[in-house]
Amino acid sequence: MKILANDGIATIGKQQLETAGFTVVTETVPQNDLIQTINNENYVALLVRSATTVRKDLIDACPSLKLIGRGGVGMDNIDVAYAREKGLHVINTPASSSQSVAELVMAHLFGAVRFVYDANRQMPTSGITEFKTLKKKYAKGLELRGKTLGIIGFGRIGQATASYALGCGMNVVYTDPFAEKTTINVKVGNQLVAVELTSYTKEQVLTKADFISLHIPKLGQPTIGNEEFARMKDGVIIINTARGGVVDEDALIAHLNSGKVAHAALDVFENEPTPREDLLKHPKISLTPHIGAATLEAQDRIGEELASQIKELLL
C-alpha cells in the first residue's frame with residue numbers, strides 16, 4: 001500500500017511505516033496535481049500538514065484513499081466531517097507538538113519583554129554608531145516573574161504553556177468552557193509540583209492578564225477584535241501561535257499604533273503563506289513563520305504517532 005506524505009514526515013515515522021510494509025513517498029505534489037497523482041499512483045493514504053488542503057472535491061475524486069492524516073493539531077485545512085461521512089479515516093497528532101509550541105510562546109514572551117526582537121533589528125545597522133542610544137532605548141524591560149499570563153484555550157498546548165509560565169514564577173489565568181478545573185504538573189528538577197487552576201470567563205482573563213496567549217481554533221469571526229482589545233490592560237502583550245484569523249489583524253495594528261497593545265508576537269497569519277506587509281514590518285511585532293511545531297523532537301513524535309495510527313487502522 002502506498003502513502004503520500006505530501007508535506008513530509010520525519011524519518012523515524014517513514015521507517016516505521018516502511019518496516020510495516022507500506023511504501024512512503026515524500027515528494028511534494030502541487031495542490032492542482034494532487035487528484036491526478038493520487039489516482040495514478042493508487043495512494044491509500046494522504047498525509048499533510050498546513051500547506052496542503054484536502055477538500056470535498058479531492059475526497060470525491062480519489063476513491064483509492066482510505067485515510068487522511070494531519071501532522072499536527074488543527075485540521076481546518078481538511079473537510080473532516082465530509083471525509084468521515086464518506087468512510088475515510090481522518091487522524092491527527094494532538095499530543096505531539098504541545099511542548100514545542102509552548103516553548104515558542106515563552107521564547108516570544110522573553111524576547112518581547114526585553115526588546116530582543118527589536119534589538120536584533122537595530123544592532124546590526126546602528127550598534128556601532130548608536131550603542132549608548134540603543135542601550136538607553138532598551139533599558140525599560142520587564143521581568144516575567146510575578147506577572148499574569150492569560151491563556152485563551154486550555155487544551156494540551158495551553159496547559160503546556162501554563163506549565164512553563166508557572167515554572168517561571170508567573171501567575172496563570174485561563175478560560176476554556178471544556179476545562180472548568182485543571183491540575184497542571186510543573187516539573188522542578190526531578191519532582192512534579194501540582195498546581196490547581198480554575199477557569200475564568202474570557203472577559204475576566206482579558207482584564208486580569210499582563211500577557212495573553214491564544215490557543216484556540218479559528219471559528220469564523222476573529223476571537224480577538226476591537227471589543228476584546230478594549231477590555232485588556234493598557235500595555236498588554238499578545239501572542240498568537242494558534243491560527244491566523246483568530247486575531248483581527250486590522251484591529252491589532254490599530255491598537256499597537258495607539259499604544260493600547262505594547263507588543264504582539266505572531267507565528268500565524270491570516271493570509272499564509274503571503275502575510276500582509278504592514279504586519280511583517282511593524283516595529284512592535286515579533287515574527288516567526290508558523291514554526292510552532294517545528295522542532296526535531298516534535299517532528300519525530302508526530303511521525304511516530306502518525307505511523308502508529310496508520311498501522312492500527314490500515315493493517
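At 0% relative accessibility, S213 counts as buried, a label given to residues under 20% relative accessible area, whereas exposed residues lie over 50% and partly exposed ones in between, as computed with a 1.4 Å probe on protein chains only. The model is a predicted one, in which local features need a pLDDT of at least 70 and side-chain atom pairs count only at pLDDT 80 or more, while totals for chains, interfaces and linings use all residues. Residues are numbered from 1 along each chain as its sequence is written, and side-chain values use heavy atoms, with hydrogens and water left out.

S213 lies in strand 10; helices (H or I, at least four residues) and strands (E, at least two residues) are DSSP runs numbered from the N terminus. When residues up to four places away in sequence are not counted, S213 touches V105, L149, G150, I151, I152 and I239, where contact means heavy atoms within 4.5 Å.

Strand 10 (211-214) also supplies at least two residues of the largest nonpolar core, as do helix 9 (202-208), strand 11 (236-240), helix 11 (249-258) and strand 12 (261-266). A nonpolar core is a set of buried Ala, Val, Leu, Ile, Met, Phe, Trp, Tyr and Cys residues joined through side-chain atoms within 4.5 Å. In soluble globular proteins, nonpolar side chains tend to be buried together. The largest core holds 25 residues, of which I212, I224, F229, I238 and L252 touch the most other members, and helix 11 gives the most to this core, with four residues. For I238, the contacts beyond four places in sequence are with I212, L214, I224, F229, M232, V247, L252, V261, H263, A264 and A265. A second, separate core consists of 23 residues, including M106, L109, L149 and L197.

Charged side chains were examined next. Side chains of opposite charge can pair when their charged atoms come close. The structure holds 13 salt bridges, each defined as a side-chain nitrogen of Lys or Arg within 4 Å of a carboxyl oxygen of Asp or Glu. In one of these, K137 pairs with D118, and the closest N and O atoms are 3.1 Å apart; this pair links distant parts of the chain, with K137 in helix 7 (residues 131-137) and D118 in helix 6 (residues 116-126), 19 residues apart. K137 is partly exposed, with a relative accessible area of 47%, whereas D118 is buried, with a relative accessible area of 8%.

A salt bridge is also formed by K260 and D234, with the closest N and O atoms 2.9 Å apart. K260 lies in the loop between helix 11 and strand 12, and D234 in the loop between helix 10 (226-231) and strand 11, so the pair ties together parts that are 26 residues apart in sequence. Here K260 counts as buried, at 16% relative accessibility, while D234 is exposed, with a relative accessible area of 64%. In a further salt bridge, the closest N and O atoms of K281 and E277 are 2.5 Å apart, and K281 is exposed, with a relative accessible area of 61%. Salt bridges that share partners, moreover, join D250, R276 and D278 into one network.

The structure holds zero disulfides, a disulfide being a pair of cysteine sulfur atoms within 2.5 Å. Among the cysteines, C62 counts as buried, at 2% relative accessibility, and C168 is partly exposed, with a relative accessible area of 22%.

Five strands form an open sheet in the order 2-1-3-4-5, with parallel pairing, two strands being counted as paired if DSSP finds at least two bridges between them. Strand 2 (23-25) and strand 5 (89-92) stand at the edges, each with a single partner strand, so one side of each is left without a neighbour in the sheet. The twist from one strand to the next averages 20 degrees. Strand 4 (residues 67-70) is joined to strand 5 by four bridges, and the two run parallel; L67 stands opposite H89 in strand 5. Helix 2 (residues 34-41) lies across strand 1 (2-5) and strand 3 (43-48), running at about 140 degrees to strand 3, where axes are lines fitted to C-alpha atoms, for helices over the stretch in contact, and angles run from 0 to 180 degrees between N-to-C directions.

The C-alpha atoms of L67 and T198, 131 residues apart along the chain, are separated by 38 Å. T198 is found in strand 9 (residues 191-198) and counts as partly exposed, at 41% relative accessibility.
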